[in-house]
Structures are given as C-alpha cells and as structure tokens.
Amino acid sequence: MAVDSQLASWEVFMQSKPGANYIHAGGVHAADKNMALQNARDTYTRRGEGTSIWVVPTDAIVASNPDDNDMLFDPANDKVYRMPTFYTMPEGAKAI
Amino acid sequence: MELLEKTEEVRRELLKHFEEKIERGDAIEPRDKMPDAYRKHLIRQMSQHAHSEVIGMQPEGNWITRAPSLRAKQILLAKIQDEGGHGLYLYSAAETLGISRSEMIAQLHSGKAKYSNIFNYPALTWADVGAIGWLVDGAAIVNQVSLQRTSYGPYSRAMVRICKEESFHQRQGYEIMTTMMRGTKDQQEMAQDAMNRWWWPSLMMFGPHDSESPHSGDAVKWKIKRHSNDELRQKFIDKTVQQAQVIGLKIPDTDLKWNESKGGYDHGAIDWNEFYRVISGNGPCNKQRMEHHKKVHNEGAWVREAAEAYRMKQEKKLIHL
Amino acid sequence: MNTITKQQALYKYSLRLGDNALIHSYRLSEWCSNAPILEEDLALTNFALDMIGRAQAILGYAGQLGDMEKTADDLAYRRGEREYYNNLIIEMPNGDFANTIARLLFVSVYEFYFFSELQNSSDPTLAAIAAKTLKEVKYHMAHARDWVLRLGDGTDESRSRMQAAVSALWMYTGELFETDEAAAILQDANIAVDMPPLKEKWNAIVRQILADAAIAIPADEYMQTGSSKGVHTEHLGHILSEMQYLQRTYPEAIW
C-alpha cells in the first residue's frame, strides 16, 4: 500500500466581520483548493466566527528567520519621527 | 577536539539565550532555535493531547444514536464535533515543530504516542455521557486553562481557542447530571453509579503526584507546564465537590474532608496500581479504542488516495491546457 | 373525494419533511469518529446538526397540527415504524463513504429545488423553514458534488465504489418525487411543491454531475416505493429501536 497521506496542510485566515483584517486561525488538511476552503469553513466557523476565509498552502508561507531579527526589526526602533506624538502642536490647535 | 568544544560552547550559548527568553516570558515560535529536549517534549505532549481529543470522541460517540431527546442529541453531537476540531487544531500546532500528522498517527498506532488514559473506560449508560462532560471535561478544562499560558506560541494559541469553545462542555455534562438527579429513582441511581465509576479515573487524569512525576522538571523550567499535577487536581476537586453537593450526588471517597487550614479538600488515596495497569494496556477499552482508530484509518485510506489522485489529474490537465 | 382534511394533509406533509431531516441526520451522525479524515468528520457532523435543527423546527410545527398537541420529541421518540414517512433512500445504511456521498448528492439536489419552491408556500411556517434550510442545503450540495467528482475521477477503486453506490441507490430516487393525497390537497392550496417540474430539474443537474464524474447513469428501471404509506425497508426499525431506546425503556423519565 502507498504511504499514508493525511493530505496537504493549509493555513486558514479568517475575517471576523466585513472590513476587518484577516487573522490567522490555524490549519487544516485538504487535497485541493475547494476542499481546503470547505474544511476551513467546517472547522473554523462552527460558532459563526467569520464572514470570509482565505486558505493558503502551508508551504507557500515564507517566514522571516528569527536570527535576522536585529537586522530586520531593530532599525525601525529609533524612527520616532514616524509617530504622531513626536510632534508638538501649538496650544489650542485641534487634532484633525 | 577543538571543534567539539566549540560546538558545545555554541550549544550552551543557545540554551542560555533560549532560557533567558523563557524567563522574560516571551513566547517561542516555530522558527526560533529551541533545545531538542524542548521540541521533543512538546511533540510528545501536543500529539498526546491531540490523540486524546480524537480518541475521546469514541466513548461519547457511542451514545449519539441513543441520545434521549433531540436537544440532547444536538448538544452531544456538537460537543463531540468540537473535540474533533480540537484534535485538529492541536495536530496543526504540533506540525509546526516538524512532525507530520501522518507520523503522529503512525506513532499512535505503534504505541509510541499515548492518549489520555481516561478514554480506556467504557461509557455504559446515558449518565456516563453526563459524567464524562462534567468530570472528564471538567478536569481537562482545569488543565487546559493553565496551558493557555504555555511557552510555545502555536500551542498556547490553540489552547486559547479550545478553552473558549470548551466552556459549554462541562456545563452540558453537569446539566445532564442535574436533570437526572431531579428525575426518577432509576435516573438518580444511574447518575450516582456513573459518578462512582468516573470519579477516581478523573482524579488520575492529572497524572502522578508531584513527588513521582517523571517529566515535570524541564517542563516547568521551560514553562511548558505552568502548574503542578497536584495543584491542578486540588483545584478540580474543590470546584467539583461543591457542584456534586448542590445536586445531591455523593463523592465515592469516605476520606474526603474539608481542610480549613489549606482552604481545600483532603482526598483519600488514589489507586495508582489501577492507573498503571490501565496505562500499560489493561484497561477495559484500550484494545477497542485502538482497533477502532486503526480500522477507520485503514478504511478511509482509499478516499484519501482518491482525493490525491484527483488533484494530480487536475493539475496535469491545467498544464496541458 | 378526499379521505383526509386539509389539516390532516398538512400534518402528514410536515411529518415527511421532518422525518427526512431526522433520519438523514441520524445516518450522518453515525459517521462521527468514523470519517476518512478528521476534517470530513467535522463536515458530516455539521450537516447532521443542520438536519437535527430542521427536524426540530418541522416536527415542532407538525406537533401542533395533529389530533393531540405533541412536541417534536414526542413525534421523534414515540412513533412506530409504520407512522414514519421519510423517503426510503434516507434510511438506507451508510455503506462506504461513496455510498453516503451518493445519497447526499441525490438528496441535497432534490432538497435544493424542493426548498427553493417551498419558500413560496402559502404556509408561512413552512416558507420560513424552507428559506433557512435552503442556505444549508446549498452547501451540502456543493460538498457532495465535489466529492462525487473526486471519487469518480480519482483512483480505479474510488471510481468503482462511486459507480456501485450510484447504481445501488438509483432505484430509491424515484420515490422522492411521488405525490400522495396529502400533497395533492396541499398543492391546491398553494402550500405544497409541484413535483413533476422538480424531477426534471433534478434529473438535469444530477445527470450532468455524474457525467462530469464519468459515472454511468443506471437505466430508469423499477423504482422502489412505499414510504408515503409508512411501508419502509427493514432498516428503519433498527434505527428507531436504537434511537428510541431510552424513551421507551423509561417512559416516565424526563431527560
């Protein structure tokens, strides 16, 4: 008999209400796109949690390497001028 | 020789870095470097947890077709389905550690991976469905709430989702027991009988006493485990005894008494011989549960193969278009 | 000359709809912890849950129409074999996964067209139930269709199992479109669904899906019948004796 297959792994992203960000919910296994979408629906919306689903093959996700964290993320730490609180507003002026 | 020393030095450095991270309370994510022992411990614990959810579907599943009302059937089916879902979340979380679901299932079938001992007991009457929901899920929830803060990110996130969903499980079990205790004499006897059979195995679910627990050292240091077996067991007992009293069920432990100084109950001795007998394969249902799982797995193989074959054919068609 | 009143007709018509949902949910729930992959276990259980919900609503309604007021549970748990009106195809054993999927396809396509029509029923309760059910059934149909295609064009084994399932169940499909006295009375009152156009639509879509899956369609030969008179296969009795066991053993108990 062939090696057992539990089908391919997919990552599931759910949108909780229209306009909201898609958030990673977990994974499912499926052989094809239709099955992945249906399995995600049957697994992750049992309590009406979602209005929209994305499924992505797990091996299509590219993740950053934690070893590169200082190079990737630390340089942004001192760019305080990107934050609105960096700027002083004259007394009495209202924020937009 | 120099190389070996160098490797050892790197290893120590990494371990130090890892443990500092744990100390700070940072979550560990799949691509982070982690000690082999941490990865192995998680794979063992998470796959056992996933298998328990899936094998746990069997004793209750045994009652779906006989549930005594449409409402009871609906709730039971939804609950068992949740358990399947929770198994699925946990398999997916465990896969981030580099083990596939197929491998985990193969380990279950070979006996290398375990599942919770509690499911080696039979669900004999409808009251057992109540007792399982109330006691077994009640015990599981105490454990799972604690695991929401476990150090491995994917495990912790799965536990948060699971706890949110499981909150109704313990209630449905308690509701069944309550209804039966308010019912006919037959029903009351059935409920007490189920209580008598499930109480002690439920206490065993928390594992050996802290003084005897073989795996807890590293698991506590690395914050996989956040509370000790005995702490969790105590929490469960204190909560459950009170609920039993409210509906008039007796706890089958003549040594059980309130200890004012610790603010909790003292309980009688747990029969660890029974625990080890069941764990080593001689429980009432060990064989039945595993045979069922293997049978379903084997009978489903042609369906999974067909789904794979279909996908490959479709992909080929696309290429030739 | 009618032998039953309109009220009695509505009672029986509702029972049939409720029984179909109840018994189909029973069969699908038997897959719980038995499906080929965990994800499919969840899917089939979802369908069973949809159907129990539908059974509760329809049998609850039927319970108000009979000679004595009854609950959905009374009707589910205290009627005998000859008082059940579900279609025969519904009570057939699950068989293998292909057989369960073939039934789900036949029944969900039928229900899709049936409830599409029933939405326009002059009976407001049935119309409301139909509108809700339609959403569920659309999904059952998509799920069944996708699996029929996969199994039909999967491996040699899956194709032969799919073919065997379709061939075995085909003789139970004709009964879905039968009209009895109750349905005829209700059709005059614009309550019931007109069956002949339904059968045409069903045939077109089912034949298309089976053709796409390269599954041969059995010649329309003899079609089994009987459920509208409460005459069933032997399988129903076993379902009821299991389902009703606790209610029958402890008639005084409330669960």
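This report describes the chain interfaces, salt bridges and aromatic pairs of a predicted model.

## The interface of chain C and chain B

The size of an interface is often given as the accessible area lost when the parts come together. Between chain C and chain B the buried area is about 4,000 Å², and carbon and sulfur atoms give 69% of that area. The contact draws on 48 residues from chain C and 45 residues from chain B. Across this interface 15 residue pairs are in polar contact, counting pairs with both residues at pLDDT 80 or more. On the side of chain C that touches chain B, the elements that give two or more residues include α1 (6–29), α2 (38–63), α5 (97–118) and α6 (124–152) of chain C. The most is given by α2(C), with 11 residues, and the residues of this side as a whole divide into 26 nonpolar, 11 polar and 11 charged. Three salt bridges are counted between chain C and chain B; one of them joins Asp153(C) to Lys317(B), with 3.5 Å between the closest N and O atoms.

## The interface of chain B and chain A

Chain B and chain A bury about 2,100 Å² between them, with 46% of this area on carbon and sulfur atoms. Arg31(B), Arg161(B) and Arg304(B) are the residues of chain B that lose the most area to chain A, and together they account for 25% of what that side buries. In terms of contacts, 25 residues of chain B meet 24 residues of chain A. The polar contacts across this interface come to 12 residue pairs, both residues being at pLDDT 80 or more. The helices of chain B that each supply at least two residues to the side touching chain A are α4, α5 (101–110), α7 (153–181) and α13 (301–320). Of the elements on this side, α4(B) gives the most, with eight residues, and the side as a whole consists of seven nonpolar, six polar and 12 charged residues.

Five salt bridges are found across the interface of chain B and chain A. In one salt bridge between these chains, the side chains of Arg47(A) and Asp82(B) meet at 2.5 Å, N to O. Asp82(B) is found in helix α4 (residues 70–95) of chain B, and because its relative accessible area is 2%, Asp82(B) counts as buried. Apart from its neighbours within four places in sequence, Asp82(B) is in contact with Arg46(A) and Arg47(A) of chain A, and with Glu165(B), Phe168(B) and His169(B) of chain B.

## Salt bridges within the chains

Over all chains, the whole structure holds 40 salt bridges. The table lists some that lie within one chain.

| Residue pair | Closest N to O distance |
|---|---|
| Lys79(B) and Glu60(B) | 2.4 Å |

Glu83(B), like Lys79(B), is buried.

In chain C, Glu157(C) and Arg161(C) both lie in helix α7, four residues apart, which is about one turn of the helix. Glu157(C) is partly exposed at a relative accessible area of 36%, and Arg161(C) is partly exposed at 28%. Elsewhere, salt bridges that share partners join Arg46(A), Arg47(A), Asp82(B) and Glu165(B) into one network.

## Aromatic pairs in chain C

The structure holds 29 aromatic pairs over all chains. For Phe106(C) and Trp202(C), the ring centres are 5.7 Å apart and the planes are at 55 degrees, so the pair is tilted. Phe106(C) lies in helix α5 of chain C and Trp202(C) in helix α9 (residues 195–212) of chain C, so the pair ties together parts that are 96 residues apart in sequence. Phe106(C) and Trp202(C) are both buried. These two residues belong to a cluster linked by ring pairs, which also includes Tyr13(C), Tyr110(C), Phe114(C), Phe115(C), Trp170(C) and Phe177(C).

Methods
Residues numbered from 1 in each chain as written. Chains lettered and ligands numbered in written order. Predicted model: local features only at pLDDT ≥ 70, side-chain atom pairs only at ≥ 80, totals over all residues. Heavy atoms only, no water. Contact = heavy atoms within 4.5 Å. Buried area = accessible area lost by both parts, 1.4 Å probe. Salt bridge = Lys/Arg side-chain N within 4 Å of Asp/Glu carboxyl O. Polar contact = N/O pair within 3.5 Å; in protein donor to acceptor, adjacent residues only side chain to side chain. Nonpolar A, V, L, I, M, F, W, Y, C, P; charged D, E, K, R; others polar. Buried < 20%, exposed > 50% of the residue type's maximum accessible area, 1.4 Å probe, protein only. Phe/Tyr/Trp six-rings, centres within 6.5 Å; stacked < 30°, edge-to-face > 60°.
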